[in-house]
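Subject: Structure handed over, with notes

Dear colleague,

I am passing on a structure that is new to you, and my notes follow directly below it. Please read them with the model open beside you.

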Amino acid sequence: MRAAPHDGRMDIQAFDALVIGAGIGGATAAAHLATTRRTALLEAEESAGYHTTGRSAAIWILNYGTPDAQVLTAASGSFFRNPPPGFADVPLMTPRPVVHLAPPEQVPALEAMMAGGEEIEPITPEAVRAMAPALRPGYAAAAAIQRNAFDMDVAALHAGFLRTVRAAGGVLALRQRAGRIWQEAGRWHAETGDGTVFAAPVLVNAAGAWGDEVARIAGVAPLGLQPKRRTALIVDPAPHDVSAWPLLGDVAHTWYARPEARAKLMVSPADETDSDPCDAQPDELDVAVAADRFEQALDIPVRRVEHRWAGLRTFTPDRGLAIGPSGTPGFFWNCGQGGYGIQTAPAAGQLLAALVNEEDPEGLRDIVPLVDPRRFAKEFA
Ligand SMILES: Cc1cc2nc3c(=O)[nH]c(=O)nc-3n(C[C@H](O)[C@H](O)[C@H](O)COP(=O)(O)OP(=O)(O)OC[C@H]3O[C@@H](n4cnc5c(N)ncnc54)[C@H](O)[C@@H]3O)c2cc1C
């Protein structure tokens, strides 16, 4: 823990909790903390969803990810279906089935997936073609469908959490990168670029890809977080009306495509390329790979990529989330959301707040050890 020299000239703004990073991880943490603690949510960028949160595929899939992620996803379902009154003026999720396509060599993997997964039903490739007529005959030897999957309105969810923070008297401070962080007299202090110092007894690190960097600045052991770049592109499927198509992808998870803004398709090569924390940009090779795999499966030539982007999905060493205390008093983590940070957000924020407030996390008790950030302490101390 580093102590910063106190020169007596600092403008200190006192709160009951500081949250670093206003992506979905920080927004849900701050919203849940703000009900009992005056909370400051610090964001380095001009807009709160600039990094990974604003770059997701926005899909909610019940059986996706590590066991802890699946529990948090299931526990978040009721919030998505019935958010608190006034939280959002649009539905937070709408049905979007997911179809897993198995080319001949992926049939054993499909069978294994169906043996292990709940709510995954077989469907014939012909039935998939009835839903998505551009599917090339002969691409899939077998297929399965998950009907319990949804499109999420990420912007509405994120805005709802930020509004909740403000309504509870909390502060969202944009363009405030915490550059120096230290603990003094039982309070965490975060100094931002313009010299403002925010102080509180509790600090939550929700800095996404920068999570380990924030920990290092604070003198707290990092977790070994690894940001991984994922690419997405928008293509025009005209003349097909894709608005009611399911999300389509192969079982080996080498590509997927989902309807976007009703008339377009978002395509991803499902890449996971190690990256440093940064403003991720798409690599042309990944864009070309995505287009090629998509064209092999669907009779839709990619003549023009209308838009492309990349974002960093940040994983802990075991790919579970990191929610809860560090080994350093008052310093908490809400990091390592990987590819499921949006769909797990409501329950993750609730769990984080319960752990900060030393309350019983009720239905989430069983996953506390699975998400405990201290499980990495020995490895990365
Ligand atoms: C292509 C793609 C598809 C995805 N699809 C899905 C999906 O379908 N479903 C799903 O649930 N998830 C999906 N994800 C994952 C999801 O987007 C992430 O898990 C989630 O957005 C992570 O949120 P975060 O708040 O941790 O990170 P971020 O949104 O990156 O927020 C972290 C914030 O911390 C700020 N910050 C960093 N350092 C500091 C500092 N020192 N001071 C102040 N602020 C700081 C950053 O500026 C940033 O805004 C996808 C991701 C990608 C890239």
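Strands, in these notes, are DSSP runs of E that cover at least two residues, and they are numbered from the N terminus; two of them are said to pair if DSSP finds at least two bridges between them. With that in hand, the hairpin of S21 and S22 can be described: five residues lie between its strands, and Gly330 takes a positive phi near 80° there. Strand S21 covers residues 322-325 and strand S22 covers residues 331-335, and the two pair in the antiparallel sense over four bridges. Within this pairing, Ala322 stands opposite Cys335 of S22.

Please keep in mind that this is a predicted model. The chain has a mean pLDDT of 95, and 97% of its residues reach 70 or more.

The domain assignment divides the chain into domain 1, made of 11-56 + 154-223 + 318-380, and domain 2, made of 97-148 + 226-315. Taken over C-alpha atoms, the centres of domain 1 and domain 2 are separated by 32 Å. Where the domains meet, 14 residues of domain 1 are in contact with 14 residues of domain 2, and the area buried between them is about 1,200 Å², with 53% of it given by carbon and sulfur atoms. Of the area that domain 1 buries against domain 2, Arg55, Ala209 and Arg319 supply 47%, which is more than any other three residues.

The interface also has polar features, for the rule finds eight residue pairs in polar contact across it, both residues being at pLDDT 80 or more, and two salt bridges are counted between domain 1 and domain 2. Side chains of opposite charge can pair when their charged atoms come close. Arg55 and Asp279 meet through their side chains in a salt bridge, at 2.8 Å from N to O.

For the structure as a whole, the count by this rule comes to 19 salt bridges. Glu272 forms one with Arg319, their closest N and O atoms being 2.8 Å apart. Because Glu272 lies in the loop between strand S18 (264-268) and strand S19 (273-274), while Arg319 lies in the loop between strand S20 (305-315) and S21, this pair ties together parts that are 47 residues apart in sequence.

Two details of the backbone remain. The peptide bond from Ala238 to Pro239 is cis, with omega near 10°, and Pro239 is found in the loop between strand S15 (226-235) and strand S16 (247-250). Ala58, a residue other than glycine, has a positive phi near 60°, and Ala58 is found in the loop between strand S3 (39-42) and strand S4 (59-61).

Note on methods
Residues are numbered from 1 along each chain as its sequence is written. Side-chain values use heavy atoms; hydrogens and water are left out. pLDDT is the predictor's confidence in each residue, from 0 to 100. Domain bounds come from an automatic or database domain assignment. Contact means heavy atoms within 4.5 Å. Buried area is the accessible area (1.4 Å probe) that two parts lose on being put together, summed over both. A salt bridge is a side-chain nitrogen of Lys or Arg within 4 Å of a carboxyl oxygen of Asp or Glu. A polar contact is a pair of N or O atoms within 3.5 Å; within protein, one must be able to donate a hydrogen and the other to accept it, and residues adjacent in sequence count only if both atoms are side-chain atoms.
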